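Please keep the structure in view while working through the numbered points.

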Amino acid sequence: MSISKSLFVAAGLIGLCTQVSAPRDERDFTREQGGMIKQEYIYQEQPRFLNKLIPDQYSYFKTTVELKDSFKAGKKQFGHDALEGVIVLRHKSVMGAAGKTNITDSQSIKLGNALVGEHSHNSSKPLLWIKEAWFKATLNSIFGLQSNDIHFFKIGMLGFQLGRGIALGSEYGSPKDFLATYGQSNDFNIPGILLAGDVESKGFSYAAYVGFLENKGSTPKETLSVLKANQIGRESAPWAGTDNNNTVYALAATLKPIDSENLAIALTPYIMYNRAKGQTFDRQLDSESHLKTLGAHVVVQQNKAWGIDCEAAVNMGDTSFQKIDRNDVTDSQVGKNLVGTYTHIQQWNGSAYVAAEQSTELKTALAANRHLVNDEVFHVTVDGVDTTFKSASNRVRPAYTNTYAGFMGVVDGFYRLNTLNLVLSGALGYVSGDADPNAVEANKTYKGFVAMHEFYTGKYVKSAFMFDSRSVKRPLSFQRGDTALEDSSFTDLIFGGYGATWCPESQKSKKLSFNTNGLFFWKEFPSYKVDASSGLPTSEPARSFMGTELNLISSIEPIPHLTFSLKMGMFLPGEYYQDIKGVALPGDLFRQLAAADTQNLGPASSYRLGTDTAFVATVAATCQF
């Protein structure tokens, strides 16, 4: 090493050692470490199918661990924290089954030309993952701005939400499988970039955000993958291509026309745009979504004596589906042999149409003429015999677009009775719904509200069951003759509720509180009654009242940093669930049984969605350090 390089390294080491060895109060740097360990016991009865006749009951212990490390720097030099950084590590597991939270993404398995299912892995080890990791730097310090108004950028895995976190939440979650939006639920903050600041003299603040949900073109292998082979018109270019990304953009501004000790008003209009390309519905990269949400959040408080919190938002934009050939090759057992058969091409066997077996002659004929017409009959000579084939009635999915037109509005209020240490609260909400948007493959308007990554549990009136647990089956409105899909997200609801929170003055030091809530739910979009014997809808409209939720949420801190909490709730199904009792759902127990298993069970409706009362309860101990 040259003398100049040696001197440079030595000077750097001396400077570093001087900073590190300096007394903490002389360094322009502070660091904090902490975390949380939470142990929960969770018990649920009839939480999914509302049915005592099936083993719809769960109980388990759950562990959540978070480790947090943060720092701040530059306050002595700039008069404010010029640089901040945070990293949060998280672990969640069910006691005795750590791998339940460490499951890899499911991948399709292809054997030759045949799809033979999907596969994923899970780890038996209690793994840690990064839940949050970002740094923040002020533009004031970077550009030497002499102002009391702080402007900054933040980059990394950061938490950002619009309003109450309904239109856009801060963590991955609440996917809608039937729309071309992000389709997974991950337990960490969305990576992104935030530019924000305050103009205190004008009572104004702003935020501009971009979140990177998915990147499917970060390597040549991803862009060259033959994933569009089923798209009609892409035969000469079946590769994935570039720009199959899923990105969300958001702008928000908060105005505070009144901000005093007696009265504070804050108005936050916002707009969000989610550009989700390269999504999967029937096939990989066969759909995309351009969701736009325009909304506003208003908060009014009077000296903490009373408050009103309102939010409303409307969806715009559309989700589109490409024209595809649904036909694939799967392996089927024929006698003792495993034979490749087509999923959407049928063969006449002399008495009926059955799944067509793959053969050299048929494969060659399909390469020359794909016969891409639903119900088209064609002939191919196989082993010297003229054989009749037919394309299935749903083989070709046409290209079509669903236009977003959902709406939601929620309002909460509270009133404080200081003499009784009691807070009374109320809530009302309207969230539009709709039927399965893909039941008819044609251009249409979808009126169900679409929320992005929300996990809303209530503002002043909390829901322990319908919004928090979200386990009960909530079928989409379905047409006659259709089976029902389900959607448990914040959609297709009209609700109202009340709550009361009491904090005894004698236990103020231990932060003892009792919160009880009652909520009533109606289905917003009309549905049909179900025939119990078949599980299929009839022509008679179903009633809309879904049911009543009652819950109790309590907590106490007997010693500093240790909190015990209880959350319990019950859901009493209403007339809607009575009218759709026995509906045939894709994942119900009766569908999973083999024909021989169902012979002595009685009617299928007895083992499907029912009308029994559901219970949920969680007892937790949380230690913060």
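1. The model is predicted. Asn421 is partly exposed, with a relative accessible area of 28%. The residue belongs to the loop that runs between strand S22 (407-417) and strand S23 (422-431). Although Asn421 is not a glycine, its phi is positive, at about 55 degrees. Most residues other than glycine have a negative phi.

2. His453 also deserves attention. Its phi is positive, about 55 degrees, and His453 is not a glycine. This residue lies in the loop between S24 and H6. Is His453 buried or exposed? His453 is buried, since its relative accessible area of 6% falls under the 20% limit.

3. The next residue along, Glu454, takes part in a salt bridge with Arg470, in which the closest N and O atoms are 2.6 Å apart. The pair links distant parts of the chain, 16 residues apart: Glu454 is in the loop between strand S24 (444-446) and H6, while Arg470 is in the loop between helix H6 (465-469) and strand S25 (493-502). Both partners are buried: Arg470 has a relative accessible area of 12%, and Glu454 has a relative accessibility of 1%.

4. The side chains of Asp468 and Lys567 meet at 2.5 Å, N to O. Lys567 counts as partly exposed, with 28% relative accessibility.

5. A further salt bridge joins two strands. Lys529 and Glu540 are paired, with their closest N and O atoms 2.9 Å apart. Lys529 sits in strand S27 (residues 528-531) and Glu540 in strand S28 (residues 536-541); the two residues are 11 residues apart. Lys529 is partly exposed at 22% relative accessibility, and Glu540 is partly exposed with a relative accessible area of 41%.

6. How many salt bridges does the model contain? The count comes to 29. Some charged residues are linked in a network of salt bridges, formed by Glu66, Arg90, Lys92, Lys131, Glu132, Glu171 and Asp187.

7. In soluble globular proteins, nonpolar side chains tend to be buried together. Here the largest nonpolar core has 67 residues, and those with the most contacts inside it are Phe160, Leu168, Tyr209, Phe521 and Tyr577. A second, separate core of 10 residues includes Val329, Tyr342, Phe378 and Phe389.

8. Leaving aside neighbours within four places in sequence, the contacts of Tyr209 include Leu158, Phe160 and Leu168. Also among them are the residues Ile190, Pro191, Gly192, Ile193 and Leu194, together with Val248, Tyr249 and Ala250.

9. Finally, the chain may be viewed as a whole. Its secondary structure comes to 8 helices and 31 strands. Of the 625 residues in the protein chain, 43% are buried. Among contacts between residues at least 6 apart in sequence, 64% join residues at least 24 apart. The accessible surface comes to about 31,500 Å², and carbon and sulfur atoms account for 57% of it.

Notes. Residues are numbered from 1 along each chain as its sequence is written. This is a predicted model: local features need pLDDT of at least 70, side-chain atom pairs count only at pLDDT 80 or more; totals for chains, interfaces and linings use all residues. Side-chain values use heavy atoms; hydrogens and water are left out. A nonpolar core is a set of buried Ala, Val, Leu, Ile, Met, Phe, Trp, Tyr and Cys residues joined through side-chain atoms within 4.5 Å. Buried means under 20% relative accessible area, exposed over 50%, partly exposed in between (1.4 Å probe, protein chains only). Contact means heavy atoms within 4.5 Å. A salt bridge is a side-chain nitrogen of Lys or Arg within 4 Å of a carboxyl oxygen of Asp or Glu. Helices (H or I, at least four residues) and strands (E, at least two) are DSSP runs, numbered from the N terminus. Accessible areas come from the Shrake-Rupley method with a 1.4 Å probe; for residues, only the protein chains shown count as cover.
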